[in-house]
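My entries are below, in short form.

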Amino acid sequence: MNGVTQHKLSCENLLRIDDLSDDDLAAILARARWFAECLTAKKPVPPSLAGRTQINLFFEDSTRTNLSFDLAGKKLGADVINVPVAASSVNKDEDILDTVQTLDAMGADVMILRTRDPRAHERLSQRTRCPVINAGNGTIEHPTQALLDAATLTRTFGTLNGLTIAICGDVRHSRVAGSGVQLFQRLGATVRFVAPDDLLPDRELFADTERFSTLETGLDGADVVMALRLQRERMENPPPIEAYISEFRLDHDRLDLAKDGAKVMHPGPMNRGIEITASLADDKARSLVLDQVFMGVATRMAVLDQLIV
Ligand code: NCD
């Protein structure tokens with residue numbers, strides 16, 4: 001696929017990586033690459049969402065994901081509305097179903113939804129006319145983050161096929177890891193989890209993904225190391241920070257445990273000095289963090305463009 005020809009995604013909603021066929025994945029990555037070239041060259045793109053209404057409804061805090069969907073929709077010509085959740089009728093005990101149906105009835109053509117409740121998207125998407133895109137559901141999935149991470153890796157390495165990707169830190173509470181592991185494996189990468197035991201997912205989940213409890217063992221041979229934040233707001237008993245820092249904080253010396261020239265990724269928001277040192281996060285030769293943000297806009301443009309045809 002060359003990214004210029006139009007493709008329509010095979011799914012009605014994008015709630016999970018499994019909603020996408022192999023053709024969909026190839027088409028999204030190709031289109032994202034093409035949009036990234038247009039953005040870099042400051043070239044206008046076809047306004048495929050002109051006259052369409054995109055509603056961003058985030059029930060959890062967000063900077064990158066919300067703004068990147070906002071920008072992606074605007075680049076494609078959509079009218080984009082960001083619902084000010086903190087000042088909405090949700091605070092008058094309105095059921096989220098009524099909020100969503102109200103926005104749908106206002107003429108939404110797509111709804112970007114982030115919730116704390118992992119089951120909300122399934123239930124709500126059955127009650128809307130417009131497609132729903134999952135921008136994060138509790139600790140379970142965040143499909144567009146995985147897609148933008150794959151787009152970033154494709155741009156950097158040419159392919160994910162054959163890469164070894166070590167996802168490090170609070171894997172247990174990470175929807176980024178949840179979607180990422182599924183997508184990266186489908187694209188031919190080997191994925192490993194590297195974390196203290198209590199931050200690994202339950203054994204029955206991701207059973208075919210290797211698990212390591214030290215950076216020394218888990219980073220050996222890795223092409224890519226993805227650091228995750230300690231998602232303390234989702235934990236019952238957050239671990240002591242000092243012990244975590246001494247065993248798991250990524251820095252240049254620890255990245256040397258991986259392959260020569262290995263790259264580091266982070267979905268953000270970063271807690272500098274906890275899961276990653278500031279000097280590694282800011283090292284343009286090793287860190288893909290800002291490439292991920294850039295590819296986030298291009299990838300979300302590709303998803304919107306191919307879902308709402
Ligand atoms: C992540 C999220 O919200 O799941 N951030 C993001 O979308 N870029 C990761 C996190 O909260 O740590």
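**Entry 1: the model.** I am working from a predicted model.

**Entry 2: strand E1.** I looked up strand E1, residues 53–58. How many of its residues are buried? I found 6 of 6. I then checked which way the side chains point. Thr-53, Ile-55 and Leu-57 point one way from E1. Gln-54, Asn-56 and Phe-58 point the other way. Both sets are buried.

**Entry 3: partners of E1.** Which strands pair with E1? I noted strand E2, residues 79–82, which pairs with E1 in the parallel sense over 4 bridges. In that pairing, Ile-55 stands opposite Ile-81. I followed the chain from E1 to E2 and passed through helix H2, residues 64–75. This β-α-β crossover is right-handed. I also noted strand E3, residues 110–115, which runs parallel to E1 and is joined to E1 by 5 bridges. Here Ile-55 stands opposite Met-111. I counted 14 salt bridges in the structure.

**Entry 4: Asp-22 and Arg-186.** These two form a salt bridge, with the closest N and O atoms 2.8 Å apart. Where do the partners sit? Asp-22 is in helix H1, residues 22–40, and Arg-186 is in helix H6, residues 175–186. The pair links distant parts of the chain, 164 residues apart. I checked the accessibility of each partner. Asp-22 has 55% relative accessibility, over the 50% cut-off, so Asp-22 counts as exposed. Arg-186 is partly exposed, at 33%.

**Entry 5: Glu-233 and Arg-229.** This salt bridge has its closest N and O atoms 2.9 Å apart. Is Arg-229 buried or exposed? Arg-229 counts as buried, because its relative accessibility is 17%. Glu-233 is partly exposed, at 46%. I then looked for further links. Glu-233 and Arg-229 belong to a network of salt bridges that also includes Glu-60, Arg-175 and Arg-234.

**Entry 6: Arg-272 and Asp-282.** I looked up this salt bridge and found the closest N and O atoms 2.8 Å apart. Arg-272 lies in the loop between strand E9 (263–265) and helix H10 (278–281). Asp-282 lies in the loop between H10 and helix H11 (289–307). The pair therefore ties together parts that are 10 residues apart in sequence. Arg-272 is partly exposed, with a relative accessible area of 46%. Asp-282 is also partly exposed, at 44%.

Definitions and conventions
Residues are numbered from 1 along each chain as its sequence is written. This is a predicted model: local features need pLDDT of at least 70, side-chain atom pairs count only at pLDDT 80 or more; totals for chains, interfaces and linings use all residues. Side-chain values use heavy atoms; hydrogens and water are left out. Buried means under 20% relative accessible area, exposed over 50%, partly exposed in between (1.4 Å probe, protein chains only). Helices (H or I, at least four residues) and strands (E, at least two) are DSSP runs, numbered from the N terminus. Two strands pair if DSSP finds at least two bridges between them. A crossover is right-handed if, with the strands pointing away from the viewer, the path from the first strand over the helix to the second runs clockwise. A salt bridge is a side-chain nitrogen of Lys or Arg within 4 Å of a carboxyl oxygen of Asp or Glu.
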